[in-house]
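Please examine the structure shown below together with its sequence. The paragraphs that follow lead through it step by step.

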Amino acid sequence: DFTFAYMGLAHVHALAYHSGIDRTEERKAKARDAVDKVLELEPGLPEAQVALGRYYYYVLQDYERTIEVFESTQKARPNLTPSYLGGIQMRRSNL
């Protein structure tokens with residue numbers, strides 16, 4: 001079971017895209033592929049939903065969908081996403 005390895009891979013690809021290290025469509029696709037693998041392996045795992053939320057946040061910059069995913073995740077694991085939600089609120093207020 002490599003769920004957590006794929007979560008790490010998804011995070012690294014998303015951060016590489018977000019930070020400007022590699023803003024190619026290929027990097028974006030690799031991030032999504034890793035997220036899809038995580039969701040395939042453990043769809044009900046809250047951490048899998050965090051991987052999806054990070055993709056929406058770092059790659060797509062879709063803050064509304066990120067909030068939806070993180071808020072639903074927070075119900076299952078309250079300590080998993082508070083810093084992300086705070087960061088999103090800050091970004092939204094600066095737009």
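Tyrosine 63 counts as buried because its relative accessibility is 11%; buried means under 20% relative accessible area, exposed over 50%, and partly exposed in between, with a 1.4 Å probe and protein chains only. This residue lies in helix H4, where helices (H or I, at least four residues) and strands (E, at least two) are DSSP runs numbered from the N terminus. Between the C-alpha atoms of tyrosine 63 and alanine 51, which are twelve residues apart along the chain, the separation is 14 Å.

The model is a predicted one, in which local features need pLDDT of at least 70 and side-chain atom pairs count only at pLDDT 80 or more, while totals for chains, interfaces and linings use all residues. Residues are numbered from 1 along each chain as its sequence is written, and side-chain values use heavy atoms, with hydrogens and water left out.

Helix H4 has 14 residues and should span 20 Å at 1.5 Å a residue, which agrees with the 20 Å between its end C-alpha atoms; the expected span is 1.5 Å times one less than the number of residues. Besides Tyr63, the buried residues of H4 include Thr66, Ile67, Val69, Phe70 and Thr73. In the loop between H3 and H4 (63–76) sits glutamine 61. Its phi is near 50°, a positive value in a residue other than glycine. Glutamine 61 counts as partly exposed because its relative accessibility is 39%.

Helix H3 reaches 20 Å from its first C-alpha to its last over 15 residues, close to the 21 Å expected at 1.5 Å a residue. How many of the 15 residues of H3 are buried? Twelve of them are, and the helix is thus mostly covered.

The discussion now turns to helix H1. Its 17 residues (residues 3–19) should span 24 Å at 1.5 Å a residue, and the end C-alpha atoms are 24 Å apart, which agrees. The buried residues in H1 are Thr3, Met7, Ala10, His11, His13, Ala14, Ala16 and Tyr17. An α-helix has 3.6 residues a turn, so residues three or four places apart point the same way. Just after H1, glycine 20 adopts a positive phi of about 90°.

How do the helices lie against one another? The axes of H1 and H3 (residues 46–60) come within 9 Å and cross at roughly 10°; axes are lines fitted to C-alpha atoms, for helices over the stretch in contact, and angles run from 0 to 180 degrees between N-to-C directions. H1 and H3 are therefore roughly parallel to each other, given that angles under 35 degrees count as roughly parallel, over 145 as roughly antiparallel, 65 to 115 as roughly perpendicular and the rest as oblique. On the H1 side the contact (heavy atoms within 4.5 Å) is made by Phe4, Met7, His11, Ala14, Leu15, Tyr17 and His18, and on the H3 side by Glu47, Ala48, Ala51, Arg54, Tyr58 and Val59. By class, nine of the residues in this contact are nonpolar, two polar and two charged; Ala, Val, Leu, Ile, Met, Phe, Trp, Tyr, Cys and Pro count as nonpolar, Asp, Glu, Lys and Arg as charged, and the others, Gly among them, as polar.

With helix H2 (residues 25–41), the axis of H1 comes within 8 Å and crosses at roughly 155°. H1 and H2 are therefore roughly antiparallel to each other. Residues of this contact include Tyr6, Leu9 and Ala10 of H1 and Ala31, Ala34 and Val38 of H2. The contact of H1 with H2 has twelve nonpolar, two polar and four charged residues.

The axes of H2 and H3 come within 9 Å and cross at roughly 165°, and these two helices are therefore roughly antiparallel to each other. In H2, Lys28, Ala31, Arg32, Val35, Val38 and Leu39 meet residues of H3 including Ala48, Leu52, Tyr55 and Leu60. The residues of this contact divide into eleven nonpolar, one polar and two charged.

Alanine 14, in helix H1, is buried because its relative accessible area is 1%. Leaving aside residues up to four places away in sequence, alanine 14 touches Ala31, Arg54, Tyr58 and Val59.
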